[in-house]
Amino acid sequence: MSKNKKLVPKRRFKEFQNSDAWEQRELGEVVQITMGQSPLGSNYTENPSDYILVQGNADMKNGKVFPRIWTTQVTKTAEPDDIILSVRAPVGDVGKTDYNVVLGRGVAGIKGNEFIYQLLSKMKSDSYWGKYSTGSTFDSINSNDLKEANICIPSTNEQVQIGSFFRNLDQTIAFQQRKLEKMKSMKSAYLSEMFPAEGERKPKRRFPGFTDAWEPRELGEVGQINTGNTPPTSNSQNYEEDGLLWVTPTDIDGNIIRTTAKKLSKLGIKKARVVPKGSILATCIASIGKNALILEDSAFNQQINSLSPNENNDSYFLLTQSELWSKKMQSIAASGTMQIINKTEFSKLSFYFPVLTEQKHIGEFFSSLDETIAFQQQKLEKLQNIKKAYLKEMFI
């Protein structure tokens, strides 16, 4: 045990500002650690009446154990409120359990307070466990790695105060996550009701005044289809900081393209495929079926096909419908020898379409819903970033 006056976090609660420096300890000196041991595979079940088995981060969701597999064999165990830490790739993910659980070899159970839980969360975000990489394709940490991990801790009272602060913050984040998930579930429900089911030509839910059956059309009939290309990246003159948006699959993170990692110069534009605002972009190689709407004229690479709707079709309707495209595109790609949807296959994808006025109503409805979801997502990300900042300043 050692004391060091430099072991003081940037931010402390007022009542502890003149308190002693934190102490440097080994994790195994502070908490009780139980390394997992997997039951025999023949004892795994899907029966919730059996013992909950936690094997790794796949069995945790939003910082909580999420029962997925059960077992009739008890090996190593953890109790309610224990901390669960993944010790095999990905190493360092943490959660808590509300149940008595059996620990598989991919996790360890830790009896620690809220302060320890938050500290372990910070160690994960700081990539602390990366230095224990085995050098193999399957990273893991062993019992000694875990027990000998260096940590810094304050007095018990300060631990309690810090733990309580972050518990409240986590509850706020969890509430926001549930709110966002509820909005996404609501959208999924509306999609299933406002677009025709398989084998039908009329949706279950419609805006007043619309009764006609929807008409089958191929995507090539509702607009212009284009495949992108890539201006030579070896020539830096093709790109500039304030140029035209140039979209690659990694830029499609959400259903609206607002910015891109690279932008094209006037020279680059001459060598690119540019399509007008209101077009839908769909990834057609490797990451099949990521779709987005462009709000300004943009260019895109050869892994993407675009659909620029004609005057009889609405961009926001097509954006919403593109969630149905994704499933069909992925199904076609999976049946081939390569994960690819070429321009011809993309053009021939067939779906049902209503008249333009009904398209606009549907497009406006889902556009508003998407804006609400995006707003809730931004609120969640803001809270998560606030937590990251506090973790950085309130821990050593």
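A salt bridge here is a side-chain nitrogen of Lys or Arg within 4 Å of a carboxyl oxygen of Asp or Glu. The legends below all refer to a predicted model.

**View 1. Asp170 and Lys387 pair up across two helices.** The two side chains make a salt bridge, with the closest N and O atoms 2.8 Å apart. Asp170 sits in helix α4 (residues 156-194) and Lys387 in helix α9 (residues 356-394), so this pair ties together parts that are 217 residues apart in sequence. Both Asp170 and Lys387 are buried.

**View 2. Asp314 has two partners at the start of α7.** One is Lys360, whose side chain meets that of Asp314 in a salt bridge (3.7 Å, N to O). That links distant parts of the chain, 46 residues apart: Asp314 is in the loop between β24 (304-309) and α7, while Lys360 belongs to helix α9. The other is Tyr316: a side-chain oxygen of Asp314 comes to within 3.2 Å of its backbone nitrogen. Asp314 is buried, at 12% relative accessible area, whereas Lys360 is partly exposed at 38%.

**View 3. Helix α7 bends at Glu323.** The bend there is about 35°. Buried residues of α7 include Phe317, Leu318, Leu319, Trp325 and Met329.

**View 4. Lys122 reaches Asp126.** Their salt bridge has its closest N and O atoms 2.5 Å apart. What about burial? Lys122 counts as buried at 11% relative accessibility, but Asp126, at 46%, counts as partly exposed.

**View 5. Five strands make an open, mixed sheet.** The order runs β4-β8-β5-β12-β9. β4 (44-45) and β9 (76-78) are the edge strands with a single partner each, so one side of each has no neighbour in the sheet. β4 and β8 (residues 69-71) run antiparallel and are joined by two bridges; Thr45 has Trp70 in β8 as its bridge partner.

View 6. Four bridges join β17 (residues 239-247) to β19, and the two run antiparallel. Look for Trp246, whose bridge partner in β19 is Lys262.

**View 7. Two buried cysteines.** Cys152 counts as buried at 9% relative accessibility, and Cys284 is buried at 2%. The whole structure has zero disulfides.

Methods
Residues numbered from 1 in each chain as written. Predicted model: local features only at pLDDT ≥ 70, side-chain atom pairs only at ≥ 80, totals over all residues. Heavy atoms only, no water. Disulfide = S-S within 2.5 Å. Buried < 20%, exposed > 50% of the residue type's maximum accessible area, 1.4 Å probe, protein only. Pairing = 2+ DSSP bridges. Bend = angle between axes of the 7 residues up to and from the residue. Polar contact = N/O pair within 3.5 Å; in protein donor to acceptor, adjacent residues only side chain to side chain.
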